[in-house]
2 protein chains.
Amino acid sequence: MGKTATDDGRSRKVGVKDISREAGVSISTVSHVLNGTASISPAVRTRVLEAARRLGYLAHRQAKASITALDTILLAVPPDTLPQNNLNFVSWTVLSALGKESERRGIRLVPFPLEGLANSAKAIVEAARSEKAGGIILLNVDRRELVEGIAGAGVAAVLINGEDSSMQLDSVTPGNRFGARLATDWLIRQGHRKILHITWRGRATIRRRGDGFVDAFVDNGLPREDAQFLFAEGYEPHLGEKAIGEWLVANKGLGEITAIFCAADNLALGVMRGLQTAGYKIPSDISVMGFDGVAPGEFTTPSLTTVNVPLDQMGPAALHLIEQRVTSNRLDRASHRLELGCRLIVRASVAPGPAGTSPR
Amino acid sequence: MGKTATDDGRSRKVGVKDISREAGVSISTVSHVLNGTASISPAVRTRVLEAARRLGYLAHRQAKASITALDTILLAVPPDTLPQNNLNFVSWTVLSALGKESERRGIRLVPFPLEGLANSAKAIVEAARSEKAGGIILLNVDRRELVEGIAGAGVAAVLINGEDSSMQLDSVTPGNRFGARLATDWLIRQGHRKILHITWRGRATIRRRGDGFVDAFVDNGLPREDAQFLFAEGYEPHLGEKAIGEWLVANKGLGEITAIFCAADNLALGVMRGLQTAGYKIPSDISVMGFDGVAPGEFTTPSLTTVNVPLDQMGPAALHLIEQRVTSNRLDRASHRLELGCRLIVRASVAPGPAGTSPR
DNA sequence: CTGAAAGCGCTTACAG
DNA sequence: CTGAAAGCGCTTACAG
């Protein structure tokens with residue numbers, strides 16, 4: 001973006017000259033269009049803007065304007081989020097996209113591993129100062145003392161995958177509630193009426209998925225009791241496998257349940273294995289829906305129908321929020337809580353349910 | 001911002017030259033700091049960035065980078081939102097700040113009044129095209145057909161004060177749920193245990209305030225039944241007055257309620273009048289809390305304790321989202337649902353309740 | 001790590 | 001409404 005690859009593999013900056021060539025007008029016309037300094041015919045205007053966008057000039061200009069003030073960002077991550085823990089595909093995807101974008105923009109990312117509950121806000125703020133970081137990104141943590149401490153220090157900070165109910169810090173999360181509703185709504189439209197939601201006792205961001213699960217039942221006028229919950233001990237695959245295994249025993253089979261909505265793909269991976277081990281066929285005996293849209297779900301048998309979270313956009317969005325805050329000269333800038341939209345990915349693990357038609 | 005007032009009242013652009021003077025360094029050093037093209041001593045770096053921010057150079061640069069592509073925006077508003085309807089202080093505040101910011105940036109805002117349910121998405125998109133608008137802002141509307149229709153047309157559009165559960169359009173809302181929780185939590189901390197939430201059957205954004213009201217009870221370990229709801233017929237002051245009047249009659253007085261949390265300041269205005277007409281003293285007999293932080297609440301007797309929504313930042317945030325979308329050359333850019341943080345404004349309408357201490 | 005000076009890119013009167 | 005040309009602001013080798 002903002003650069004154009006040349007034959008020799010190197011890239012050079014895109015400028016008004018390139019746009020003028022591409023759009024077939026003079027460079028002054030390009031400038032006029034970009035700045036609104038003269039009235040330009042709509043046709044020309046459109047052509048110029050199209051060219052500018054296509055060549056990445058607009059995005060480049062935008063990025064360049066913001067990053068000037070930012071050269072280092074402290075990245076606070078809980079220990080179980082680090083890359084060596086290869087079970088956590090979600091964090092891995094988020095981190096790798098964040099790293100790539102930072103590199104592209106020449107921002108130095110300094111990782112700061114959080115060790116359990118020991119690290120105080122003070123330690124994080126201290127680290128940011130000593131690294132001369134202009135901002136802090138916190139991944140997968142939103143403990144209240146931490147958030148309050150950091151907010152009190154007045155550094156620009158953003159939570160990724162966390163929320164600050166005191167509305168002091170900026171945050172980026174998936175659209176958890178709407179996403180879960182989307183998934184559940186789709187199961188309902190496929191004819192499922194009794195659905196089990198397998199989740200775990202995680203942070204508020206995960207509870208939002210449960211809220212959305214219930215929302216879909218309510219919005220479709222279905223009885224709330226048919227939206228059942230099962231809590232696994234965590235989100236790792238083996239815990240999902242364990243949870244469904246125990247549930248099948250306690251319940252003497254699937255009962256009336258015809259679909260399972262897992263609060264994370266990771267969990268779904270284990271749940272599918274558990275179901276298959278117990279002799280159930282997916283999706284003919286039971287449908288399974290995931291949440292996250294992480295790579296492995298594509299390669300299971302059957303492949304996992306899920307809600308895709310734009311994980312690769314979360315880091316860049318967080319960078320943008322920090323930039324905005326650092327650049328702004330408003331002291332009263334309200335905190336920004338950003339939810340990124342999710343999309344349903346229909347693959348093979350969901351089949352039509354017993355109720356043929358949509359209840360709507 | 002981005003300009004500096006001179007003695008004769010005019011303003012001129014702020015440039016690196018001004019920053020270099022302000023920071024006491026050469027212009028090339030300023031450039032190096034802004035672009036990270038040389039390693040600069042932390043002291044100098046900080047001084048330069050401080051000066052750049054103070055003079056508004058950073059904000060200016062940022063704004064300038066984005067607006068180039070945008071010269072006209074269509075503003076779709078329901079008829080009851082228009083300025084002549086002076087009861088709707090919230091919309092008035094949002095619109096006036098949006099107008100001011102658009103003017104400052106040289107963006108032409110074309111109002112498009114929605115007439116009841118008659119206007120289709122097609123009509124709006126059509127109007128945007130004929131006005132050559134680069135984006136659409138929809139205020140206080142989020143009907144599904146409208147949202148889907150506009151999303152389908154592929155124009156950049158943002159909802160202000162609305163949500164798109166299908167996660168296709170961008171939106172800006174107050175942090176309704178967290179804000180209501182903040183308000184209720186504060187009432188609880190003041191010693192109130194039985195609280196009445198007066199609201200109306202509005203859109204989802206308003207229901208979120210009810211959610212937050214309940215959240216506060218749950219988080220504080222208080223019985224859910226003590227979080228009572230009363231629905232007025234709308235948000236106008238006289239409907240609040242009517243609702244509380246009827247409730248007092250039906251209930252033969254206040255009963256155990258010691259505080260009332262109104263889902264809007266506008267409603268609170270009428271509720272206060274109703275309570276006072278019925279002979280109750282605020283806050284000694286009953287505490288009243290509002291939501292919105294709109295001007296009139298400051299001038300009531302007693303003045304209204306409320307949750308301040310950054311109404312003046314909603315329009316600018318919406319513009320920013322449109323710019324981002326127009327500028328971006330990603331086709332798969334996820335929808336952005338943005339919630340702006342709110343702050344509690346403690347004034348005179350809330351007194352300590354019967355339970356002295358905080359339950360936590 | 002900082003600055004004087006050359007140079008490049010974008011903007012801006014101005015002509016048509 | 002568009003473009004050729006002058007000019008301004010910012011960047012960038014380079015010296016110390």
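A polar contact is a pair of N or O atoms within 3.5 Å; within protein, one atom must be able to donate a hydrogen and the other to accept it, and residues adjacent in sequence count only if both atoms are side-chain atoms. In this predicted model, local features need pLDDT of at least 70 and side-chain atom pairs count only at pLDDT 80 or more, while totals for chains, interfaces and linings use all residues. Residues are numbered from 1 along each chain as its sequence is written, chains are lettered from A and ligands numbered from 1 in the order in which they are written, and side-chain values use heavy atoms, with hydrogens and water left out.

Start at DNA strand D. An N or O atom in the side chain of A:S39 is 2.9 Å from one of its phosphate oxygens. Chain B also takes part: a backbone N or O atom of B:V16 lies 2.9 Å from a phosphate oxygen of DNA strand D.

Now turn to the two protein chains. Contact (heavy atoms within 4.5 Å) links 56 residues of chain B with 56 residues of chain A. Between the chains there are six salt bridges, each a side-chain nitrogen of Lys or Arg within 4 Å of a carboxyl oxygen of Asp or Glu. One of them joins the side chains of A:R330 and B:D312, at 3.2 Å from N to O.
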